[in-house]
Amino acid sequence: MVSLWDDKEAERFKNNDLEMRVYTSRILGANSDLVLHGGGNTSVKVTEKNLFGEEEDLLYVKGSGWDLATIESAGFAPVKMDTLIKMADLKELSDVDMVINQRAAMTNPSAPNPSVEAILHAIIPFKFVDHTHADAVVTVTNTAGGEEKIKEIYGDTVLVIPYVMPGFILARTIYEMTKGIDWSKYEGMVLLNHGLFTFNDDAKKSYENMIELVTKAENYIESNMGTEKPYVDHLGEDLLSLAKIRKVISTAKGSAVIVNYDQGNDAVNFSALSNVQKVATQGPLTPDHVIRNKRVPMVFERDYNAALENYQNEYKKYFSELNSGETMLNPAPKWAIWKNRGILTFGTSAKEAAIISDIKDHSIKAFSQAERLGGYKALSPKDIFEVEYWSLEQAKLKKSGSSLALQGQVAIVTGAASGIGRATLDKLHSDGAVVVGLDINPVMADASNGRDKLGLVCDLTKDSDIQAAIETTVRTFGGLDIIVSNAGIFTASEGIDKISNDLWKRSLDINLTSHQKFLKFATPFLKEGVKPSVVIMASKNVPAPGKGAAAYSVAKAGLTQLARIAALELGEFGINVNMLHPHAVFDTGIWTPEVLEKRAKHYGMSVEEYKTNNILKTEITSKNVANLVSAMVGDIFSKTTGVQLPIDGGSDRII
Ligand code: ZN
């Protein structure tokens, strides 16, 4: 493991202990082999003058909910040392009392709650204390004979603490065990099945001890695990089954999930292990992984329905055997091993699926290494249960949970580079859906945010482009629920006797046939969607045609008929199909100020009059249309299908 310490950078913080603490916390957090997503914690002990000029010993300890990688000085809670030390000496202390009294002992009431390990940090008699869940160290301790291996690696240079539930009990145990010892003899402290502490009055030394101790464990693993067995039987991808699996998991969870599908070599190799069921279901690498990933993943080959039922039954059994009055969390899995095909993780958002996937990456590497060191051996279900249902851990998750109208749903919007399509893409995204925008315009690619918004350049008149876009969507997010078939072109105004063959064909190809092709390729996946829904962007020209727009209006009329038939055909699969007839939406690319002015003049109106030339005398924007689309694919319209809805400010030709 490489030290990220930079003398020049560190020089800037040498006169400020808290800033130095921020610096070394961040370089610890920057290495995912040390800590992941809120794991680990750090502290620094300082003396500060209070309002009355009295000196106070304080522990600045990482606040709950902060990540070491991105922590700031505001992320550390200042707690009075004497209170923490007195707490360590108590026989008993409930979580509630611990939290209340630690908060009461803070010198800044707006600081975050101190880490659950604050008392432990306080009793370690050094200025800087660093704590991680280093993969290599927990990998070694999670094997048969792990404790002996730790002694073999470190000799007498570290304190070794048997597993104890984190929080007050752990702090108290260590407080008792270390009374009267000479801490300066030790470079660190290994907590079996949990992690590693290092400490020193010098920030650099404490950090570098961490790196050094972890490196020793990494070297031990490297030289003792032998060569890797080659794996066989990699199957290809099966996207339709993937969508089906997402649907059953979403149903089990009661809300749509985003699936992160890992088909990388490590994931597929792991899934192809002949004993993967046993290796993967021992338990997590370090207890706090249970909060995100549950104790074990689901493992299946073909029959995911049976595997899911079995998983949920096992979870209910685990809960009923170990609970003492808590409320059971949803029993559906957070991740699943798909034999010979890879690994799936399930999140209520793309972000959650990615976090679960990160933990999974580190877990499967450790499981494999531990197997080759003599067998992976995790903590007992009881130990894991205590952490899973620990109120202080559940509190962390509650902070981040919010649910939007389209949370976890997967939507494709065609013609999404600008205008109504772009506004719709953004609206569905802000309503909680992961969104994929398709457009022939290359700027579409710029819409991608690397997480839950994807822009794909796609020629919707080409079967191969459509198929690739739909497959990319399913591969990236696990399925497809919502389609907004919006792509279109406005063709030049020509009388029927003047329309060129090319113009006619182009309008029909794009405004009609491309939608039929798109529906054709999307339907198999939509049938496996969660609350699946389709909105077709037609035109006011359908109910109220005008002179000189035959190529456009005929294509849109055909599109409307296609949508009505789709509503008939797809209803039995729970898919509703509705149509929108927008009119006079002028904030789109076609309507430059010059064009607007010309058209207004043509009708003898000012631009303002022209824009609001409808019954409500109101202007219709892309955003107005997008808001209506979002409603139409959501719960409000879930009992409605085959409907044609104008959004035009009211037209006396339609009313
Ligand atoms: Zn820990």
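Leu58 stands opposite Lys80 in strand β3. The model in which this pairing is described is a predicted one. Strands β2 and β3 pair in the antiparallel sense, over 5 bridges. They belong to an open sheet of 7 strands with mixed pairing, whose order is β3-β2-β1-β4-β7-β6-β5. The edge positions are taken by β3 and by β5 (158–161); each has a single partner strand, so one side of each is left without a neighbour in the sheet. From one strand to the next, the twist averages 20°.

Two helices that pack on this sheet may be described together. Helix α3 (residues 81–88) touches β1, β2 and β3, and its direction makes about 75° with that of β3. Helix α8 (residues 168–177) touches β5 and β6, and the direction of α8 makes about 130° with that of β5.

## The zinc site

Three histidine residues coordinate the zinc ion: His131, His133 and His194, each through NE2, at 2.1 Å. In sequence, these donor residues follow the spacing H-x1-H-x60-H. His131 lies in strand β4 (residues 128–132), whereas His194 lies in the loop between β6 (188–191) and β7 (195–200); the pair therefore ties together parts that are 63 residues apart in sequence.

Are His131 and His194 buried or exposed? With a relative accessible area of 1%, His131 is buried. His194 is likewise buried, with a relative accessible area of 4%.

Helix α2 comprises 13 residues (17–29). At 1.5 Å a residue it should span 18 Å, and its end C-alpha atoms are 18 Å apart, which agrees. At the N-terminal end, α2 is capped by Asn16, a side-chain oxygen of which lies 3.0 Å from the backbone nitrogen of Leu18.

Of the 13 residues of α2, 10 are buried, so the helix is largely enclosed by the rest of the structure. The buried residues include Leu18, Met20, Val22, Tyr23, Ile27 and Leu28, together with Arg21, Thr24, Ser25 and Gly29. Which elements cover them? The cover includes the helices α1 (7–11) and α9 (203–224), as well as the strands β1 (41–49), β2 (55–62), β3 (76–80) and β4.

Trp183 is found in the loop between α8 and β6. Its relative accessibility is 7%, and since residues under 20% are classed as buried, Trp183 counts as buried. Leaving aside neighbours within four places in sequence, Trp183 is in contact with Ile123, Ile124, Pro125, Phe126, Leu159, Ile174, Thr178, Met189 and Phe199.

Trp183 and Tyr23 are 160 residues apart along the chain, and their C-alpha atoms are separated by 25 Å. Tyr23 is one of the buried residues of α2.

## The four-stranded sheet

A further open sheet has 4 strands, in the order β8-β11-β10-β9, with mixed pairing. Strands β8 (258–262) and β9 (298–300) stand at its edges; each has a single partner strand, so one side of each is left without a neighbour in the sheet. The twist in this sheet averages 20° from one strand to the next.

Strand β8 pairs with β11 (residues 342–347) in the antiparallel sense, over 5 bridges. The bridge partner of Tyr261 in β11 is Leu344.

Technical notes: Residues are numbered from 1 along each chain as its sequence is written. This is a predicted model: local features need pLDDT of at least 70, side-chain atom pairs count only at pLDDT 80 or more; totals for chains, interfaces and linings use all residues. Side-chain values use heavy atoms; hydrogens and water are left out. Donors are N, O and S atoms within 2.8 Å of the metal (3.2 Å for Na, K and Ca); water is not among the atoms, so sites may look incomplete. Buried means under 20% relative accessible area, exposed over 50%, partly exposed in between (1.4 Å probe, protein chains only). The expected span of a helix is 1.5 Å times one less than its number of residues. Contact means heavy atoms within 4.5 Å. A polar contact is a pair of N or O atoms within 3.5 Å; within protein, one must be able to donate a hydrogen and the other to accept it, and residues adjacent in sequence count only if both atoms are side-chain atoms. Two strands pair if DSSP finds at least two bridges between them. Axes are lines fitted to C-alpha atoms, for helices over the stretch in contact, and angles run from 0 to 180 degrees between N-to-C directions.
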